[in-house]
Amino acid sequence: MNAINFKTIGIGVNFSPNLEANINEAARLALRFESKLVLIHVGEASEEKSKTFTEFLSPFENQGLEYELFYKSGDPVDVILTSTKEKKIDLLIIGALKKENFLKYYLGSIARKITRQASCSVLLLINPSINRVPCEHIVVNGLKDPKTQETVTTAFLVGHKLGVGKITVVEEIDQEEVSVKVDDDKSLRKSTIIKERLRLREEARVKKVLDSIPSDYTKEITIKSQPIFGKRGYSIGHYAQVARADLLVMNAPSKMTFWDRVFPHDIEYILTELPTDVLIVQ
Amino acid sequence: MRTKETPFVGFIKTLPKNMFSGLVVSLIALPLGLGLAMASEAPPIAGVITAIVGGIIVSVFGGSFVTISGPGNGLVGVVLIAITTLGLTATYAAIICSGIILILLGFLRLGKLADYFPSSAIQGMLAAIGLIILGKQFHIMLGNKIARDNGIDYLLEIPNTLITVVNYQDKGLIYAAIAGVISLAIMVFYSKIRNKYLQLIPATMWIVIVSVGFSYYYEFILKTPNPISAAYMIPSIPNIQEIITDIPSPNFDMIGTLSFWSSVVALTLIASIESLLSIKAVDKLDVFKRRSNVNKDIKALGLATVVSGFLGGLNVVTVIARSSVNVNNGGSNRSSNLFHALFLVLFIVLFSTELTRIPLTALMAILVYTGYKLASPDVVRRIFTIGKEQLIIFFATLFVTLKVGLITGIVAGLIATFVIHIVVTKSLSLFVKNILKPNVLMFKEENGGYFISVKHFCSFLNFNMLKNKLEAIPEESDVILDFSLCGFVDHSVMENVHDYQELFHKKGGNIGVIGLDILGTKSEHPFALRRLLPIQNIITNNKTKRQNNLEQVANDFGLRFDPLKHRTSTFLENFIYFKTKKIEHVFNQLSAKESPCHLFDVTFSEGEFIAKEVIRSTMLHIKTSSNVPVFTLDREGLLERLYALTGYKDIDIKNHADFSKRFYLRGENENAIRSLFNDELVLFFESNAYYHIESSKDGLLVFSKERMASIKEIKALLDFGLRLNAIINKV
């Protein structure tokens, strides 16, 4: 099995109060994954800007961080998307905003557009911090999808690199699949049996996925498999919140049409209410 | 041990009981059917046709078990308006259309329409219907028929009618008013008197018997005509041939008009709401704890309504009072509904002319009582304890319904509720943004329990999502329901969740609700907070004389006295006696940690709605080891009817013919019971006062009468309990 790694990590930076925290998170990750960090700034290059960035990065440079500053003017979405291709970025980090008064996080419209269109994996950070907060629990989707194998493997790679204690693979079973509607005691029994069967089927499938993951990655991690019944894409976010996960790893959406945004599904739900840090694996 | 029976044999065995229960129900259904039809200004026989058609069709096609169907009181107001605006034959057409819509709702699985209405608004609507019935019939009950424009005007006329009645000169009217008042008195006081002979016949039937008897007394003994004014007697009831030949043909000419369809919508709405509320309430009373198939039942009710409309009947709905009487008289499957219909057919065939001997005022007294029960001050008081804002919703719905109409009323209730929710949360976006989100997550935890988490908000608007998840969980499971990610939970949800908790509890499961306490402190949540404290114990040091004496008794027996009301009565739920009863609270408890005896007063209710009786009783609970078999010991005849329901056999103890003759001993495990009842125990029972004793898993329940005991009786009961405990625990 060919392990995927993030060779180049990119982060869009601007001068917001979160700047230091964002840079610190990105630099820490780059060190963990032994990858190169690219800071992308939309705007003209200037001595002053470069000085600020290097100042923040200097402690990490001492630990062996390799980085690059990249300046380009234009439409923020275009600039970031083209530069990810240009610089062959594997993982793009985007910071989320926190709503005042509410304990909820959301993505700005720019960040949302980038997430939808990015050709690389995207990490959405809800709470970047200057000092390291350990990541304990990763929730990853175990959908029946060709991308799932790679996503789960990536989750374990990240878990391995970050020293995560527990990874939960969540199989979302759509209510539609339980073909019996519950009306009375008899149909309830029937639907309970069907659900149990679905659960076993899903668990067997996830086990297969897990079996093909390099044992190096799985060694020190507690693995749990959890079937949930709910709306695909939405419920996993809800679960991550309930299970107090630190990171949610998901498949990238297959294709995005106009209607997907009007009637949100899968990833769009997550984009509207970030339950935790989210990694979307391309 | 009971041998396994095939379902068919089991069904045949229950037939006699269901037949009896059907008979009792039909005794109520007959006068009520006549009255409800007359109150809606339909021909009186229409109500009986409704009950007959409903009983036959719903018992064949329905999806519930112990419900009774027939004409409903909620529909009186709607049918009345339909008949005054459309005319009788067009109303039959509207009834047929509403039946078709009900069938469609059933097929679309939208039978649970009532779930989308906030409970305080429904309460307000029902109270308004009650006031409409009460307001209009009150005048007729006192022999003063008047016509006014809307419900409020009728209510405002009540004082005038009272003045008119006092000044009556016409003897016929005076007798009519007296018949009404006596009938009302029978309805009011019937439930207060617990006499087993009196209670064999339902109150409504007593009214019929008394008034028919009165009429015969004048005809045969006094040989004078009935003194009650002929205008206040039931108009002629057609006999069975006339009913069949004179089936009215529904008039579909008005099908293009708005007023026709607004009647159809109102009929459908009220019929489905009344049926659903009744089904839900009756399911709670079912001894066998079965779950009704609501959609199937709605389809059957719809079909019955269509047929009833074609035959000159009204909307068929599930009715709560008659269903509860059915349960209490041993109805165990749909055949009792069928028998109730068949007995009605029999009554009409045999007695249709006798029915004209009933004074109209007496029938209307039944309706006045029904109306009062729907709008009784208790309802208002209960809603007030939940929260002042619920009272706003309640009265908004009530007044708009009375002043404008039912559909406008319920819409007003919906809007009032929603506005109040916005005001309470100070956020409109919470609701607008999240209403369509699938906000409920359910998964099974490793330990086999279920976990449900609800996000954003949970109110009448989206309760169906939570409900669907709860419905899909087997009731014997443990469930954790987490509201901690919720910003708002409304009263309708709390009430419904509470119902589910009871249901799960009954079947051995459990729903634990978490996260509300955080919610309460963070957002000063009014509904949730108040729901958690349903019982208010007012001043505690103001004890009655009996309570002071009880405290004395407690000291004498080394027990602790606790006068406060407690809602936790789980130790009582396993007893067969409480299977068809709803325990409200336990109070005046005498107990001690080291003592196995626990004496208490308990308030419980039997039956629903107009058939409801609230009973307070003193009982003794004795803790025993779990190897005591389940049995009931009773004086011959006292409560035998109830225990016959369980299907346990009477067990004779050898060599104790006297004991076997004097006591009914019932239970499933005959051998274990025989070995428990050794010479010493039998002698003990023979030589002591009679008590009703029943055992469940790990306790005995002992009581003598279905009322509160005096201090002397309590001392005797405690003494009996202590001695019984000594013997039982030796065995």
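Helices (H or I, at least four residues) and strands (E, at least two) are DSSP runs, numbered from the N terminus. Chain B holds 29 helices and 15 strands. This is a predicted model, in which local features need pLDDT of at least 70 and side-chain atom pairs count only at pLDDT 80 or more, while totals for chains, interfaces and linings use all residues. Residues are numbered from 1 along each chain as its sequence is written, and chains are lettered from A and ligands numbered from 1 in the order in which they are written.

The overall dimensions of chain B come next. The C-alpha trace of chain B spans about 80 × 75 × 55 Å along its principal axes. The radius of gyration is taken over C-alpha atoms, and the globule rule is 2.2 Å times the number of residues to the power 0.38. For 731 residues a compact globule would have a radius of gyration near 27 Å, and the 27 Å of chain B agrees with this. A residue is buried if 20 or more other C-beta atoms lie within 10 Å of its own, exposed if 12 or fewer, and partly exposed in between, with C-beta atoms placed from the backbone. Of the 731 residues in chain B, 47% are buried. Two residues are in contact if their C-beta atoms, placed from the backbone, lie within 7 Å. Among contacts in chain B between residues at least 6 apart in sequence, those that join residues at least 24 apart make up 78%.

Chain B is divided into domain 1 (16-386), domain 2 (388-427), domain 3 (432-532) and domain 4 (545-730); the bounds come from an automatic or database domain assignment. Taken over C-alpha atoms, the centres of domain 1 of chain B and domain 2 of chain B are separated by 27 Å. Between these two domains, 24 residues of domain 1 of chain B are in contact with 18 residues of domain 2 of chain B. On the domain 1 side, the elements that give two or more residues are α3 (76-86), α5 (119-141), α6 (151-156), α11 (258-285) and α16 (377-386) of chain B. The largest share of that side, 9 residues, comes from α5(B).

The interface with chain A involves 19 residues of chain B, in contact with 20 residues of chain A. On the side of chain B, α12 (294-310), β3 (440-444) and β4 (450-458) each give two or more residues. The largest share, 3 residues, comes from β3(B). The residues of this side divide into 7 nonpolar, 5 polar and 7 charged. Two strands pair if DSSP finds at least two bridges between them. F229(A) stands opposite M442(B) in β3(B).

L485(B) lies in strand β5 (residues 478-489) of chain B. With 18 other C-beta atoms within 10 Å, L485(B) is partly exposed. Not counting residues up to four places away in sequence, L485(B) touches Q241(A), S453(B), V454(B) and K455(B).

Helix α24 (residues 545-556) of chain B has 12 residues, which at 1.5 Å a residue should span 16 Å, and its end C-alpha atoms are 17 Å apart, which agrees; the expected span is 1.5 Å times one less than the number of residues. After α24(B) comes G558(B), whose phi is positive, near 70°.

Strand β8 (residues 581-591) of chain B pairs with β9(B) in the antiparallel sense over 7 bridges, and the two form a hairpin with 5 residues between them. V586(B) stands opposite V602(B) in β9(B). On β9(B) there is also antiparallel pairing with strand β10 (residues 613-623) of chain B, over 10 bridges. E606(B) has E613(B) in β10(B) as its bridge partner. Because 7 of the 10 residues of strand β9 (residues 597-606) of chain B are buried, this strand is largely enclosed by the rest of the structure.

V630(B) is placed in the loop between β10 and β11 (631-635) of chain B. V630(B) counts as partly exposed, with 19 C-beta neighbours inside 10 Å. V630(B) touches G667(B), E668(B), S695(B) and S696(B), not counting residues up to four places away in sequence.

Note on methods: Nonpolar A, V, L, I, M, F, W, Y, C, P; charged D, E, K, R; others polar.
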